[in-house]
Amino acid sequence: MGTIILLALIVLVAAIVVAAYNGLVRKRNQVENAWSQIDVQLKRRHDLIPNLVETAKGYMKHERDTFEEITKARNLAMQANGVAENAKAEGQLNEALSRFFLVVENYPDLKANENFLLLQEELTSTENKVGFARQFYNDQVLTLNNAIEQFPSNIIAGMFNFSKAEYFELETLEERDVPQVEF
Amino acid sequence: MWEAIRENKTNSVILLMVLAVVLAGLGAVIGLYFAGASSIDGLFFGIAIAMVIWIIMLLTSFFGGEQILLRTAGAREVQHSEAPQLFNIVEEMQIASGLSALPKVYIIDTPEPNAFAVGRSPERAAVAVTSGLMAKLNRDELQGVVAHEVGHIVNRDTLFMTIVGVTVGAVVIISDMFLRGLWYSSRSRRNLSRDNGKMGAIIMVVSILAAILAPLLAQIMYFACSRKREYLADASAAKFTRYPEGLASALQKISGYQGDNVETSRTHAPMYIVNPLAAKGKTGGLFSTHPSVEDRIRILRGMGGDASFAQYEEAYKSLHPGEKMIDNRTLVESEPTETREASAESTKASEKKKWRDVQNILQQGEGYGMLMCMCGLNMKVPRNFEDETIECPKCGRENRVPAEFLAAAAALEQSKTIHQ
C-alpha cells in the first residue's frame with residue numbers, strides 16, 4: 001500500500017515537472033515567435049531607407065546632414081544585437097526619420113512625388129506594424145517572466161536555466177527631453 | 001480577451017435554435033393548413049419542406065456565400081502593389097488583432113463610403129471597402145474602419161450573422177410563398193377549410209397569423225443580435241487601433257454621405273459598417289440592424305485616453321444606464337490600453353488626389369498597368385503596350401516597361417488567336 005502511494009506521488013511530481021517544463025518551453029517559443037514578427041518589420045524598414053534617401057536626394061540638395069544622420073542611424077540599427085540594443089537604435093532611427101520628414105515639409109515638389117509618397121506610406125506602415133507587434137511581444141514576455149518567477153514553475157526554470165526576456169520599449173521623442181534648438 | 005467570442009457563440013446557438021423552432025413551427029402550421037387539420041402527415045410534410053429549404057440555403061451560403069456576396073456587391077480583389085495603403089492597413093490590423101490569416105482585400109467602385117467583412121473562418125475572410133471610403137477618409141479613419149471589420153472577423157460575427165441571416169431569410173421566404181399561394185388559390189382553400197369545419201377555420205387563422213408574425217419575430221431577434229455585434233466590433237476596433245477617435249470620425253463622415261443615392265441591396269445592407277438604407281439620424285429602433293451612428297460615436301469619444309474593452313463598457317454604460325454590453329470575463333481580463341497619437345500625415349492628400357489614386361487602382365483591373373517614373377510621375381500604360389521602353393512625358397527619362405506587362409500582352413494576343 002505504502003509503495004503504491006509513494007509511486008503515485010512520484011508519478012504526480014514527475015507530471016507536474018513535465019507540465020511546467022513544457023509550459024515554459026511553449027512560452028519561450030511564443031516570445032521568440034513574437035520577436036521574429038518585430039524583426040521582420042525592422043528589416044523591412046532598413047531596406048526602405050536607402051530608397052527613400054535616393055528619391056529625396058534629387059530634391060534636397062542642401063540637406064546633406066539630414067541624410068548622413070539617417071544613414072548612420074540605419075547602419076547602427078542594422079548592427080544592433082539583442083532586444084535592448086535594438087530598441088535603443090530603432091529609437092534613434094525614429095528620431096532621425098521624424099526630423100527628416102519635418103525637413104521634407106519645405107520641399108513641395110518632393111511631397112508631390114508618387115515614388116516618395118509610396119515610400120513614406122511603407123515606412124509609416126512598418127512603423128505601425130512594429131508598434132502593434134511590440135504590444136503582442138511584450139504581452140508574451142510578461143507571461144514568460146511571470147512563469148519564471150512564480151511557484152512552482154520558478155524551480156523548473158532555475159533547474160533548466162530559463163532566463164527572463166526583455167521588454168521591447170522604443171524611446172519616443174516626447175518621452176525624452178525636448179531637444180535644444182540652436183540658431 | 002477572446003471571451004467575447006465564446007459568449008457570441010453561445011448566444012448565436014441559442015438564437016439559432018429559437019429561429020429553427022420558429023421555422024419548424026411555421027412549416028408545421030402551413031402543412032396543417034394545406035393537408036387539413038386532422039392530418040398528422042401534413043404537419044410533418046410542412047416541417048420537412050421548411051427544413052429542406054433551410055438546409056439548401058445554409059449549404060449554399062456556407063460553401064460559397066463569401067463569393068456570392070462579394071460578386072453581387074461588385075467587389076474586386078486587390079494586391080499590395082495596387083492599393084498599398086489599404087493593404088498595409090489590413091496587415092497592420094491582422095498583427096494588432098492576432099488573426100491567424102490575412103483577410104483578402106476587396107474594393108467596390110461606388111462613391112458612397114462604406115465597408116463590410118465576410119467569411120465563415122479567418123482563413124476565408126475578406127474585407128471589402130468602397131472607393132468612396134478610400135477617397136474620403138484619412139489614414140487613421142480608414143484604419144478604424146478596417147479594424148471594425150477585422151473585429152467582426154475575430155469575433156466570428158461574419159460566420160454567425162451569415163447563418164442567422166440565412167435562417168431569417170428562410171422564414172421570410174416560406175411565409176411569403178405561403179401568403180402569396182393563399183392569395184392566388186383562396187377559393188379552393190376556402191372550400192377545404194369549410195369541409196374540415198371549425199377546426200379548419202382555426203388552423204387557417206393560426207397559419208395566416210404565423211406567416212405574418214414569424215418573419216417579424218425572426219427579424220427583430222436578428223436585428224437585436226446584429227446591433228450588439230456592431231457595438232462589440234467598435235470596441236474591438238478601439239482596442240486594435242488604440243485610437244477610438246479614428247473610427248468615431250470615420251463613422252461621422254460615412255453617415256454624412258448615406259442615403260443620397262441608394263444602390264445597395266437589402267441583403268447587403270446589414271453587413272456594412274453603417275447601414276446604407278437607414279434614414280439619416282434615425283435612432284435605432286426594433287427593426288434597425290445597426291445602433292444609431294450618433295450613439296456609436298458618442299461612446300467612442302467618451303472613452304478618453306484608454307482604448308480597452310473595460311473603458312468601452314464604461315462609456316457605453318454612461319449612455320445606456322443599467323445595460324451591459326461586454327461580458328464579465330472579458331472585462332476582468334481587460335487591461336488599460338493607452339491610446340496613441342494621431343498618425344502624422346505630413347502630406348495631407350486632397351480628396352481630389354485620393355479619388356484619382358483610387359480610380360487608378362480600379363483601372364489596373366481593366367487592362368491598365370501603373371508605371372512609376374523616377375521623377376515621381378505615374379504613367380498609365382495599357383497592358384498590350386508593344387514597345388520595350390516608354391518615355392516619361394514630364395522628365396523625358398526612358399522607362400523600361402516591366403516584363404509582366406509584355407507577358408500580359410502576349411497572353412492577350414494568344415487568347416485572341418485561340419478564339420479565331
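Helices (H or I, at least four residues) and strands (E, at least two) are taken here as DSSP runs, numbered from the N terminus. On that basis A:Asn161 falls in the segment after α6 of chain A. The structure is a predicted model, in which local features need pLDDT of at least 70, side-chain atom pairs count only at pLDDT 80 or more, and totals for chains, interfaces and linings use all residues. Residues are numbered from 1 along each chain as its sequence is written, chains are lettered from A and ligands numbered from 1 in the order in which they are written, and side-chain values use heavy atoms, with hydrogens and water left out.

Chain A has six helices and zero strands, so that its elements read α-α-α-α-α-α from the N terminus on. Of its 183 residues, 42% count as buried; buried means under 20% relative accessible area, exposed over 50%, and partly exposed in between (1.4 Å probe, protein chains only). The accessible surface of chain A is about 10,900 Å², and carbon and sulfur atoms hold 57% of this. Such areas come from the Shrake-Rupley method with a 1.4 Å probe, and for residues only the protein chains shown count as cover. Among the contacts in chain A with a separation of 6 or more, 76% link residues 24 or more positions apart, where contact means heavy atoms within 4.5 Å.

Helix α1 of chain A covers residues 2-57 and includes A:Leu12. This leucine is exposed because its relative accessible area is 51%. A:Leu12 belongs to a nonpolar surface patch with A:Met1, A:Ile5, A:Leu9 and A:Ile16, and together they have about 550 Å² of accessible area. Patches are made of residues with over 30% relative accessible area and no salt bridge, like charges being joined within 9 Å and nonpolar side chains (Val, Leu, Ile, Met, Phe, Trp, Tyr) within 5 Å. A salt bridge is a side-chain nitrogen of Lys or Arg within 4 Å of a carboxyl oxygen of Asp or Glu.

A:Gln41 also lies in helix α1 of chain A. This glutamine counts as buried because its relative accessibility is 10%. Apart from neighbours within four places in sequence, A:Gln41 is in contact with A:Thr126, A:Lys129 and A:Val130, and with B:Ile95 of chain B.

Two backbone features of chain A follow. A:Phe151 and A:Pro152 are joined by a cis peptide bond, with omega about 0°. A:Pro152 is placed in the loop between α5 (114-149) and α6 (153-159) of chain A. A:Asn161, although not a glycine, has a positive phi of about 55°. With a relative accessible area of 66%, A:Asn161 is exposed.

Chain B has 15 helices and eight strands. Buried residues make up 50% of its 420 residues, and its accessible surface comes to about 19,900 Å², of which 59% belongs to carbon and sulfur atoms. In chain B, 65% of the contacts with a separation of 6 or more are between residues 24 or more positions apart.

Four strands of chain B form an open sheet with mixed pairing, in the order β1-β2-β4-β3. β1 (75-77) and β3 (115-118) of chain B stand at the edges with a single partner strand each, so one side of each is left without a neighbour in the sheet. From one strand to the next the twist averages 25°. Strands pair if DSSP finds at least two bridges between them. β1(B) and β2 (residues 104-108) of chain B run antiparallel and are joined by three bridges, and B:Arg76 stands opposite B:Ile107 in β2(B).

Helix α3 (residues 65-72) of chain B packs on this sheet, where it touches β1, β2, β3 and β4 (126-130) of chain B, and its direction makes about 160° with that of β3(B). Helix α6 (residues 139-154) of chain B lies across β3 and β4 of chain B and runs at about 25° to β3(B). For these values, axes are lines fitted to C-alpha atoms, for helices over the stretch in contact, and angles run from 0 to 180 degrees between N-to-C directions.
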